[in-house]
Amino acid sequence: MDDDISNDWVPVKDTVFKEDKITTKLIFSVCWNYQEYKFAVTCRRHSRTYLTEKEEAWTLGLGSYQLMCLHSQLCDVVPQLSHYPLPQLPYEPRGVWCFIYDREQAEGNVCTELEKWFQCAVDVCGQKLFLAVWFEEMNDSEYYDQLNDWKIKEFEEQVDIARERVINVAHLGSEHAVNLQELCQDYELEDKAFNDWCRALTALYNAKLHPFIDLREIANEKMRIAKSHLADPALGPRPKAEHTKKLLHWDGQHSEMQTIILDHYVSFYSTIYSFLSDMHSRMKKDQSKFGKASFTRLASSRLFRVEGEKLNVKLQHLRAQSKHSSHEITCTMKLMANIDSSTPDANDLLNSHENKVYELKCRMLDLKIKVLEVEVKLARLKKEVSAHNIKEINNTDEFFDAVEEQSQLDQVDVQSEAKHQTVTLKEEITSLSAKISRLSKKQAQLRNQIADMEQQKEAKEKMKVQKREQQEKHHLVQKRREEQAQEKARLQKFHDEERKRTVQRIKKFKQKNKNKISPVEHGEQVSQALGDDGDGMHVPGVLGSPGSPASYGETHSDRLQPSSSVSSLPPGIPPLPPSIPPPPPPPGIPPPPPPPGIPPPPPPPPPPPPGIPPPPPLLSAPIGLLQTPKLSSMLTVDALKSVKLNSFSGQDGKTGRAKADPMQNMFALIKQGVNLRRAETVKKPADSRVEIDFQEALKARFKKMNIAIEEDSDSEDEHTDW
């Protein structure tokens, strides 16, 4: 439509007052205001569904003149409302008549009649129009249509009209044609209608593309300006940042417009291809209906032309799809370049974009293969057309003028125009055959390229899987190390807490018994009094000495009661004589009673006869109080195992002198009458080979010591000290 026609007109929407499904109800209430001389009109819209209940209300004061004006306005839009006039309203003078006539009051049931009229007007005009005229402000954008959209609707109507004409002509030719002559005439009408439809469709898509092409050009110009500013070295960082932001914005706009334009191209060629496919299929049906030979003679040229146009449109459609895929790849690559690596989902976005790019590349290669296939079909069609033309030329009879003599026959040009056309067509067929072979090779190359891309994709996926597995293994090892470190820290914390608790218990015990002497301190005092025995063994307590356990009323049985296990003497050692009883307790302190379950101690032996010197005080320290430097005070089998085997050797390996035997102190105590009791040993698991060898060596050593004790007892005289 021309621009001068549309300058003075405003396009209005066709469905501006189209009512949707009514889910509300309007309720009116009208009252007369005696002071303002107006009708107070209240409209309530009640909307009720199974989920919500909503109510809206409008209030308006209208005089008689205003009611009549609004009624006339609604009648102009909806003429059917003129059949329902307003009730008799009170007279309202206007202008100069206000000074002559008084205003009238509403009388009777005018308000009730107005309520009925409002309900009738809503039923005739619809809720949307009625509310827009009476209670709501009018918005022009809801009623007026854009000029470009209006033009597009006009072009769409023209396309629909041309399409209907083509369908009608095609139906007329296929159904009512009696012979091929009539069918060919119908084909001519169909071609004319099809050309009209193509022109209308082209105008429609040009109207659709025009605004997007303008926006793309504007975006190109803005991008060019921004790039020129960025290339200016005199600009500072802040203006460059602003121009960079503008460049990115207009680049996005350009990409969006380009996508929309390519979508329209794809839709345009797809529509024409579908129409040509229907036309070609109808011609195939007509060929089978009227016979192949006759149809080939009369309508073969149109069949070849329609098939060629269909292949050309298909070729354009595939190329448009290929451009669209290439544009999508470019946009996706830009998105990949703009991904912020600091975001937590950056890797997932990158992988998704990579997969999308791979799919688009494969799709683009498939489209290229399809393009080559269509080109091969088009070349074969041209080859078939050339062969058909050669056949027609050969079947055409050529006549020459009659000659009187043989010499005149030689002057006739035998190489006529028909033969020249035949040679040209044969050359064309040869070139088409070479083109088909080249296109087939390109197809094979593209298929190989797709296979290579798939192999690379699989190799890349395998590498990703291997890398992920290695990372998981590394994380697993690291996790185990962290767990071990945490366990170690937990154990260390537990040990520290236990040490602190132990120290606190010892402090509390010392504070509670600070006036008493501990057995360890008592043994250290006795050891200092007696001195070192030369073998590194210290005697922690002496029987009958002040401060010893026996001096507080303890007996041998009380002190020699083993707690867990006591080492037993080897067989062959004679029993020792009973020890001397301990001295009586200090005066004023009664002896403690024996613990329950333990028999009372035996009576003390009789005093020695006169003339015999008393024996020296015997060492009555229990085996449990024997201490070695940095060793436990309990002398058990485990304690004996802790002694090195070379400590039992008789001579030093370097000097050859006799070494001090650490067991001499123990046997000195045995000789002095210390009683040893064998405690019940706790069952332990089978000893290792080293422990078994150690026990055998220990038994052999005890046997040697037993023999040495017997020899010493035979050689000693009666004045020997025990």
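Modeller: Accessible areas come from the Shrake-Rupley method with a 1.4 Å probe. The model is predicted.

Biologist: What does the accessible surface of the protein chain come to?

Modeller: Carbon and sulfur atoms hold 54% of this surface.

Biologist: What percentage of the residues count as buried?

Modeller: Buried means under 20% relative accessible area. The protein chain has 722 residues. The part of them that counts as buried is 29%.

Biologist: How many helices does the protein chain have?

Modeller: The protein chain has 3 strands. Its helices number 17.

Biologist: Let us turn to helix H8. Are H8 and helix H9 roughly parallel or antiparallel?

Modeller: H8 spans residues 237-290, and H9 spans residues 292-337. Their axes come within 8 Å and cross at roughly 160°. Angles over 145 degrees count as roughly antiparallel, so H8 and H9 are roughly antiparallel.

Biologist: Is the crossing of H8 and H9 left-handed or right-handed?

Modeller: The contact of H8 with H9 has 17 nonpolar, 14 polar and 12 charged residues. The crossing of these two helices is left-handed.

Biologist: How many nonpolar residues are in the contact of H7 with H8?

Modeller: Helix H7 covers residues 180-230 and packs on H8 at an angle of about 170°, with the axes 7 Å apart. The two are therefore roughly antiparallel to each other. Their contact has 10 polar and 9 charged residues, and the nonpolar ones number 29.

Biologist: Are H6 and H8 roughly parallel or antiparallel?

Modeller: Helix H6 takes in residues 147-176. The axes of H6 and H8 come within 11 Å and cross at roughly 10°. Angles under 35 degrees count as roughly parallel, so H6 and H8 are roughly parallel.

Biologist: Which residues in H8 does H6 meet?

Modeller: The contact of H6 with H8 divides into 3 nonpolar, 1 polar and 4 charged residues. On the H6 side are Arg 163, Val 166, Ala 170 and Ser 174. In H8 they meet Phe 275, Arg 282, Asp 286 and Lys 289.

Biologist: What separates the C-alpha atoms of Glu 256 and Leu 215?

Modeller: Glu 256 and Leu 215 are 41 residues apart along the chain.

Note on methods: Residues are numbered from 1 along each chain as its sequence is written. This is a predicted model: local features need pLDDT of at least 70, side-chain atom pairs count only at pLDDT 80 or more; totals for chains, interfaces and linings use all residues. Side-chain values use heavy atoms; hydrogens and water are left out. Axes are lines fitted to C-alpha atoms, for helices over the stretch in contact, and angles run from 0 to 180 degrees between N-to-C directions. Helices (H or I, at least four residues) and strands (E, at least two) are DSSP runs, numbered from the N terminus. Angles under 35 degrees count as roughly parallel, over 145 as roughly antiparallel, 65 to 115 as roughly perpendicular and the rest as oblique. A crossing is left-handed if the near helix is turned anticlockwise from the far one by less than a right angle, and right-handed if clockwise. Ala, Val, Leu, Ile, Met, Phe, Trp, Tyr, Cys and Pro count as nonpolar, Asp, Glu, Lys and Arg as charged, and the others, Gly among them, as polar. Buried means under 20% relative accessible area, exposed over 50%, partly exposed in between (1.4 Å probe, protein chains only). Contact means heavy atoms within 4.5 Å.
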